[in-house]
Amino acid sequence: MKISLTRRYRFAASHRLHTARLSEAENKRVYGKCNNPYGHGHNYVLEVTVTGPVDPRTGMIANLAELDPFVQREVIEPFDQKFLNEEVVEFREQVATTENVCREIFRRLKDFPLATLERVWIQETSKNSFEIDADVDKWDEVRA
Amino acid sequence: MERAGLSLGECMIRITRKIEFSAAHFYHNPNFSAEENRRIFGKCNNPHGHGHNYVLEVTIAGDPDPTTGMVLDLKELKDILQTEVMERMDHRHLNYEVPELAGQIPTCENIAAVIWKLLEPKIRSGRLDRVRLYESHDLFVDVSAGNGARA
């Protein structure tokens, strides 16, 4: 029997999809409305799934009193009500697509010391969502 | 159940049934001091208890029966959920009234595991694939067979 716990969080942020690797015309063509130089924003919904043994003393995989502040510190505070392109240093170099946001959040949470991060799921709008499972953990290779 | 391999007529389906029940609980470990209980369990340690509207999603996996077109009869699943979960847990105090939880902290993890153990032997057609228990909109636990295969 395998048990996991999923906690849902929310943050709101703005971004602009634009890369210096493409010309202005190509950026417009590839990113469309999302390339608007003034940026735009979303109410992101984040699901964080952790797994591990249930501690018989507490009945818990992870105490929310410890998971919540960790996610708050690593993701919510640095991302919420921010312009991701400028205010989250990782997105100065890489496009703040929600694929990349999802990957960055996974990277920030994967060392949670009290349980094993299994999945990060992020919803950009009610019509699209992105997720990463723990077994896709070749971050350095993906980033290179 | 051994399968000869996938053919077009043999394609595993997952079906999910949802129920809701309301129950009270609190978290307290008699082996901890009062101070430890408060520190570890926070507001959930209130001895008067508090409650949730739990939402339970039960997923069954299997091949549809060629005659009925069903993995299992949802009426049968509904009856199993009524007997095994609703009658045991709905409008109950989970610390005092559910023997299967005796000696355990009635966390979402432990409740979901108890529900898995109650349901698994009752599913005679298809197999129990996943139990997902929401304690609130923002917190849920998944239980699966855990043979290494991902849900």
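Student: What makes strand S1 (residues 13–25) and strand S2 (residues 50–62) of chain B a pair?

Tutor: Strands pair if DSSP finds at least two bridges between them. S1(B) and S2(B) have 13 bridges, so they count as a pair. The sense is antiparallel. One example is Ser22(B), which stands opposite Asn53(B) in S2(B). The model is predicted: local features need pLDDT of at least 70, side-chain atom pairs count only at pLDDT 80 or more, and totals for chains, interfaces and linings use all residues. Residues are numbered from 1 along each chain as its sequence is written, while chains are lettered from A and ligands numbered from 1 in the order in which they are written.

Student: Which strand does S2(B) join through 7 bridges?

Tutor: Strand S4 (residues 127–136) of chain B, running antiparallel to S2(B). Glu57(B) stands opposite Arg132(B) in S4(B). Leu56(B) has Leu133(B) as its bridge partner.

Student: Why are these called strands?

Tutor: Strands are DSSP runs of E, at least two residues, and helices are runs of H or I, at least four; both are numbered from the N terminus.

Student: How many residues lie between S4(B) and S5(B) in their hairpin?

Tutor: There are 2. The two strands run antiparallel, joined by 6 bridges. Ser136(B) has Leu139(B) in S5(B) as its bridge partner.

Student: What does strand S1 (residues 2–15) of chain A pair with?

Tutor: With S5(B), in the antiparallel sense, over 6 bridges. Ser4(A) stands opposite Asp142(B) there.

Student: How many residues does each chain give to the contact?

Tutor: Chain B gives 22 and chain A gives 16. Contact requires C-beta atoms, placed from the backbone, within 7 Å. On the side of chain B that touches chain A, helix H3 (108–119) and strand S5 (139–144) of chain B each give two or more residues. S5(B) has the largest share, 6 residues. By class, that side has 10 nonpolar, 9 polar and 3 charged residues.

Student: How do you know the angle between helix H2 (residues 64–79) and helix H5 (residues 98–109) of chain A?

Tutor: Axes are lines fitted to C-alpha atoms, for helices over the stretch in contact, and angles run from 0 to 180 degrees between N-to-C directions. The axes of H2(A) and H5(A) cross at roughly 145° and come within 10 Å. Val71(A), Glu74(A) and Val75(A) of H2(A) make the contact with Ile105(A), Arg108(A) and Leu109(A) of H5(A).

Student: What makes 2 of the residues in that contact charged?

Tutor: Asp, Glu, Lys and Arg count as charged; Ala, Val, Leu, Ile, Met, Phe, Trp, Tyr, Cys and Pro as nonpolar; the others, Gly among them, as polar. The contact of H2(A) with H5(A) therefore divides into 4 nonpolar, no polar and 2 charged.

Key
Contact = placed C-beta atoms within 7 Å.
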